[in-house]
Amino acid sequence: MQNGTQVRPDYHIFKGEENEFITFDGIFMGLFTFKPMAIIQFGVLLLIITPVMRIVFSLFAFILEKDKLYVVITLIVLTIILGSTFGGLKI
């Protein structure tokens, strides 16, 4: 009942994320100061990093097992994932 009298937000205009939370430094600085948006962005980073780390760990496991075929396949998959992840960055 309290929110029914508020003005409806205008969703026709997109407001992006604040500049301080789109870089790694900004996310980590906000994380240590307990800013909620930085904590959310850090969670998104963890969700992105999880499958990449799984591939990296499997690469090391295949190297230890000396399984050359799976090392090559894992390197191809890792290259594709890293290329698609970092290919769109404007650094």
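The legends below describe close-up views of a predicted model.

Local features in this predicted model are given only where pLDDT is at least 70 and side-chain atom pairs only at pLDDT 80 or more, whereas totals for chains, interfaces and linings use all residues. Residues are numbered from 1 along each chain as its sequence is written, and side-chain values use heavy atoms, with hydrogens and water left out.

**View 1. Helix α1 and its buried face.** Helices are DSSP runs of H or I with at least four residues, numbered from the N terminus. The buried residues of α1 are G26, I27, G30 and L31, where buried means under 20% relative accessible area, exposed over 50% and partly exposed in between (1.4 Å probe, protein chains only). Seen down the axis of α1, these buried residues fall within an arc of 135°, so they line one face of the helix; the arc is that of the directions from the helix axis to the C-beta atoms. Helix α2 is included in what covers the buried residues of α1, with contact meaning heavy atoms within 4.5 Å. On the other side of α1, the residues F24, D25, M29 and F32 are exposed.

**View 2. The segment before α1.** I22 is found in the segment before α1. This residue counts as exposed because its relative accessibility is 55%. The C-alpha atoms of I22 and S58 are separated by 30 Å, and the two residues lie 36 residues apart along the chain.

**View 3. F34, in the loop between α1 and α2.** F34 is found in the loop between α1 (24–32) and α2. Its phi is near 60°, a positive value in a residue other than glycine. With a relative accessibility of 67%, F34 counts as exposed.

View 4. M37, I40, V44, I48, I49, M53, F57, F60 and I63 make a nonpolar surface patch of about 810 Å². Patches are made of residues with over 30% relative accessible area and no salt bridge; like charges are joined within 9 Å, and nonpolar side chains (Val, Leu, Ile, Met, Phe, Trp, Tyr) within 5 Å. A salt bridge is a side-chain nitrogen of Lys or Arg within 4 Å of a carboxyl oxygen of Asp or Glu. Accessible areas come from the Shrake-Rupley method with a 1.4 Å probe, and for residues only the protein chains shown count as cover. M37, one of the patch residues, is found in helix α2 (residues 36–65). M37 is partly exposed, with a relative accessible area of 34%.

**View 5. K66, in the loop between α2 and α3.** K66 is found in the loop between α2 and α3 (68–86). The phi of K66 is positive, near 60°, in a residue other than glycine. K66 is exposed, its relative accessible area being 70%.

View 6. V71, T74 and L78 are buried in α3. Seen down the axis of α3, its buried residues fall within an arc of 70°, so they line one face of the helix. The face turned away from this buried side carries the exposed residues L69, T79, I80 and S84. Helix α2 is included in what covers the buried residues of α3. T74 has a relative accessible area of 8%. Leaving aside neighbours within four places in sequence, T74 is in contact with I55, S58, L59 and F62.

Terms used. Helices (H or I, at least four residues) and strands (E, at least two) are DSSP runs, numbered from the N terminus.
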